[in-house]
Amino acid sequence: MSTSFPSLFPGMLLDAASRYAEDHIAVQIQGDPVRELGWTATLVPEEAGGVGGNLGDLASIVEGLAAHGLQLPVVETCAVVPLLLQAAGAETARRWLEAVAEGSVQIAPLTALSATPDVDAVTARHLDIGYELSGAVQGVDATLPATHYLVPAQVDGDDAIFLIDAERVGAPRARYRTMEGRLGADFALAQLAVPESACIARGASAHDARAKATDAALLLTAVDTVAALATLIRQTVTHLKERRQFGVALSSFQVLRHRVADMYVKYLGAKGLVIHCFHEHEQAAPDLRRTLRLAKVSLAESARACAESAIQMHGGMGVSEEVLATRMAQRLIASEFRYGDRLLHVARLLAPQACAPQVSLSNQTGSVR
Amino acid sequence: MSIDYAGFRRELESFVRSACPPEIRAVVAAGQKITKREYQAWQQILNARGWGAPSWPREAGGTGWDIRQRLIFEEVMAENDCPPLYHHGLGHIGPVIIRFGTPEQKARFLPRILDGSDWWCQGYSEPGSGSDLASLSTTARLDGDEWVVNGQKIWTSHAHEASMIYMLVRTSKETKKQEGISLLLVPMDTPGITVRPIKTIDGWHHLNEVFFDEVRVRADNLVGEVGKGWTCAKFLLERERLPPANVARLELMRRQVTQLVEGASRATAGLRDFSGLHHKLLMCEADVKGARVMMAQATDDLIHQRPLGVQPSVIKMTCADVAQRLTTIALDAVGPDAAHRFLAEVGDDVPDATWIQNYMFTRARTIAGGTSEVQRNVVANELLGA
Ligand SMILES: Cc1cc2nc3c(=O)[nH]c(=O)nc-3n(C[C@H](O)[C@H](O)[C@H](O)COP(=O)(O)OP(=O)(O)OC[C@H]3O[C@@H](n4cnc5c(N)ncnc54)[C@H](O)[C@@H]3O)c2cc1C
């Protein structure tokens with residue numbers, strides 16, 4: 001069976017993350033495993049004391065955790081944070097990236113899990129003595145403790161990134177359990193005064209970093225989905241083989257056989273699409289973002305269909321949170337809503353400007369009527 | 001004397017509008033989980049008016065209404081955001097006791113269902129017996145004038161708040177598996193019963209495991225003949241699958257979801273593409289209209305005592321399917337804001353998150369009370385032979 005689900009990103013990182021997830025799935029998260037295990041150093045360049053790894057390395061970690069259903073904000077802490085920090089001036093960036101790699105600070109993005117890091121929830125006003133930030137950020141991942149927040153914001157029509165002490169940001173307005181079992185929080189910044197130095201990047205560098213963080217978040221969430229799908233199907237197959245009704249194994253009912261076959265076909269399609277996204281990312285393909293949006297929409301469709309199938313085929317067990325397949329189903333549906341839901345990405349895909357390149361391709365003469 | 005149905009509808013409307021407390025209607029209107037509190041309060045109000053059991057015959061304490069009146073009742077209730085009647089007592093075991101129970105059982109159990117003092121749950125499923133209910137293994141042996149029950153039930157909705165359980169037990173192992181099953185009524189406070197909650201994906205507590213360890217039950221709590229419980233169980237399941245409330249509630253849900261989509265669509269104007277959702281809503285609207293006619297036809301067959309055939313299965317599948325599609329549309333509409341604010345730990349609940357819980361809860365509509373696969377088998381067997 002295991003040969004039907006070869007890993008996407010095999011290697012030591014995957015093994016370590018898998019092992020950690022397997023050992024900790026049943027216990028409450030203690031402390032800050034993401035930093036203790038050194039995963040925050042993955043994307044940090046070597047000259048800043050990091051591992052100098054790439055998104056493929058992080059993808060191994062994401063895959064390992066997702067395969068066993070453990071929820072940790074790896075994408076937020078290990079991808080979004082260092083990618084945003086890299087927008088700062090060389091000296092500032094190095095100092096903070098070093099601290100991130102060492103684990104001596106705990107930096108989290110103050111962004112809604114449902115929005116991409118290139119969306120502004122906060123606006124800033126430049127004052128004589130610094131900045132004043134206002135805005136509501138709802139559904140921020142709060143699974144791990146934070147000493148600092150990175151806040152993407154809009155300043156006078158410019159993209160910007162702020163780095164602010166958690167104490168200054170204050171306590172969240174509300175705390176939640178998210179659909180997939182993480183901790184979430186709502187923050188409200190009401191004319192929060194911060195010093196000039198809190199703005200670590202502005203203009204093009206901030207814009208590019210936020211775009212990169214967005215691509216990485218979309219890509220890694222897609223990896224999470226494919227890994228979760230593999231586990232979901234594996235668990236469902238095991239259930240169908242083991243559970244007996246009417247004196248036979250459920251796996252002998254053709255309707256269920258076809259249903260699980262459909263899940264597998266969807267899984268392979270999703271996996272192919274994610275590999276394609278990775279290639280485009282590595283090659284910095286010009287329409288990477290379009291492909292990522294397509295993947296977001298397509299994976300959402302497949303993942304939800306598979307999640308619903310798995311719940312159905314587990315019968316009553318399918319609605320019990322004790323069952324791993326059920327938790328995977330929850331995770332898959334929740335992942336749809338991370339970094340923009342499908343309605344948002346469809347709107348962007350169908351927006352006139354998104355179609356522009358296609359028009360010029362089909363119009364070989366280049367004339368515009 | 002012919003019934004003035006329009007006048008009947010007006011009478012109901014004016015009653016429910018003045019008698020159903022606003023706080024209860026608010027829970028229903030918001031699509032929140034209806035708990036024992038709301039069910040019970042509303043049951044008592046209806047019962048005081050003489051409408052505690054719309055579907056029961058008059059001699060059993062019911063209204064004696066014809067089927068059309070019952071349908072109108074359900075529609076008026078749904079249109080006015082009143083809770084549905086609590087099904088396990090009124091819809092399931094009540095009719096079984098009326099049909100198969102002794103005069104003494106009727107006198108003992110029916111009034112307490114009517115006035116809401118007994119709250120029933122259903123002990124059918126077991127860990128090893130789900131779709132194949134007939135393979136159940138919880139036993140009851142006669143010891144003097146008591147049955148002694150041992151075994152385990154699972155997925156028992158509301159067992160933690162119920163005062164009574166109606167359960168299928170094996171009273172003989174010697175016969176075919178459908179035979180040797182009996183229907184037993186057991187007070188939940190009998191020593192030897194343990195209820196353990198099951199955590200479910202919607203974040204609400206409704207399911208339980210129920211354990212029976214040498215539980216002693218009065219012999220005269222067995223309904224019908226010993227070993228003939230399967231007949232009662234089937235009678236009950238048919239009623240479980242054909243509640244008129246399902247279709248009326250679907251229309252209520254459709255209106256709620258339409259409002260939700262319109263609100264979300266306005267709030268995120270231009271940023272998110274709602275065209276697909278509007279399309280899906282239209283298809284649900286069409287299907288609800290179709291389901292209403294199916295229900296009316298099944299009703300007509302019931303009135304004229306024609307066999308129902310596969311209608312309960314078809315209506316159950318259709319209602320479950322439309323309910324799932326509607327809550328899925330709701331999930332899409334509110335998901336991005338609500339998925340990360342599913343259950344409040346500190347601060348207020350996010351009202352939209354209730355729709356995510358509803359989406360999760362509604363997954364069970366194609367599982368509980370006979371899965372859709374099993375219903376399809378029923379329909380296919382009718383069309384193609386077993
Ligand atoms: C929310 C909820 C509330 C419930 N409340 C109660 C309650 O109050 N009291 C009670 O007694 N029970 C209750 N149940 C249990 C419910 O009746 C069972 O879950 C249901 O009968 C299915 O049984 P199972 O869960 O064992 O699934 P299984 O029978 O194990 O089925 C698993 C899967 O196999 C499929 N399958 C099984 N047999 C066949 C076949 N012959 N052909 C094709 N496919 C097949 C099923 O459709 C399903 O997809 C509840 C369940 C839920 C989810």
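This is a predicted model: local features need pLDDT of at least 70, side-chain atom pairs count only at pLDDT 80 or more; totals for chains, interfaces and linings use all residues.
You will find His148(A) in strand S4 of chain A, which covers residues 148-155.

The side chain of His148(A) has a polar partner: the side chain of Asp165(A), in polar contact at 3.4 Å. Leaving aside neighbours within four places in sequence, Asp165(A) is one of the residues in contact with His148(A), and the list also includes Leu163(A), Ile164(A) and Ala166(A). Trp96(A), Val105(A), Gln106(A), Ile107(A) and Ala108(A) are in contact with His148(A) as well.

In soluble globular proteins, nonpolar side chains tend to be buried together. Here the largest nonpolar core has 140 residues, and the members that touch the most others are Trp39(A), Leu65(A), Val74(A) and Leu232(A). Helix H7 of chain A, residues 204-242, gives this core its largest share, with 18 residues. A second, separate core holds 48 residues, among them Ala19(B), Ala60(B), Ile72(B) and Tyr166(B).

## Where chain B meets chain A

Now to the interface. On the chain B side, 45 residues are in contact with 49 residues of chain A. Together the two chains bury about 3,800 Å², with 59% of that on carbon and sulfur atoms. In chain B, the residues that lose the most area to chain A are Ile201(B), His340(B) and Arg341(B), which together account for 19% of what that side buries.

Polar pairing also features here: 26 residue pairs across the interface are in polar contact, both residues at pLDDT 80 or more. Split by class, the side of chain B that touches chain A has 21 nonpolar, 13 polar and 11 charged residues. Between chain B and chain A there are 5 salt bridges.

Which elements of chain B give two or more residues to the side that touches chain A? They are helix H10 (311-338), strand S9 (343-346), helix H11 (353-362) and helix H12 (372-384). H10(B) contributes the largest share of that side, 6 residues.

Key:
Residues are numbered from 1 along each chain as its sequence is written. Chains are lettered from A and ligands numbered from 1 in the order in which they are written. Side-chain values use heavy atoms; hydrogens and water are left out. A nonpolar core is a set of buried Ala, Val, Leu, Ile, Met, Phe, Trp, Tyr and Cys residues joined through side-chain atoms within 4.5 Å. Buried means under 20% relative accessible area, exposed over 50%, partly exposed in between (1.4 Å probe, protein chains only). Helices (H or I, at least four residues) and strands (E, at least two) are DSSP runs, numbered from the N terminus. Contact means heavy atoms within 4.5 Å. Buried area is the accessible area (1.4 Å probe) that two parts lose on being put together, summed over both. A salt bridge is a side-chain nitrogen of Lys or Arg within 4 Å of a carboxyl oxygen of Asp or Glu. A polar contact is a pair of N or O atoms within 3.5 Å; within protein, one must be able to donate a hydrogen and the other to accept it, and residues adjacent in sequence count only if both atoms are side-chain atoms. Ala, Val, Leu, Ile, Met, Phe, Trp, Tyr, Cys and Pro count as nonpolar, Asp, Glu, Lys and Arg as charged, and the others, Gly among them, as polar.
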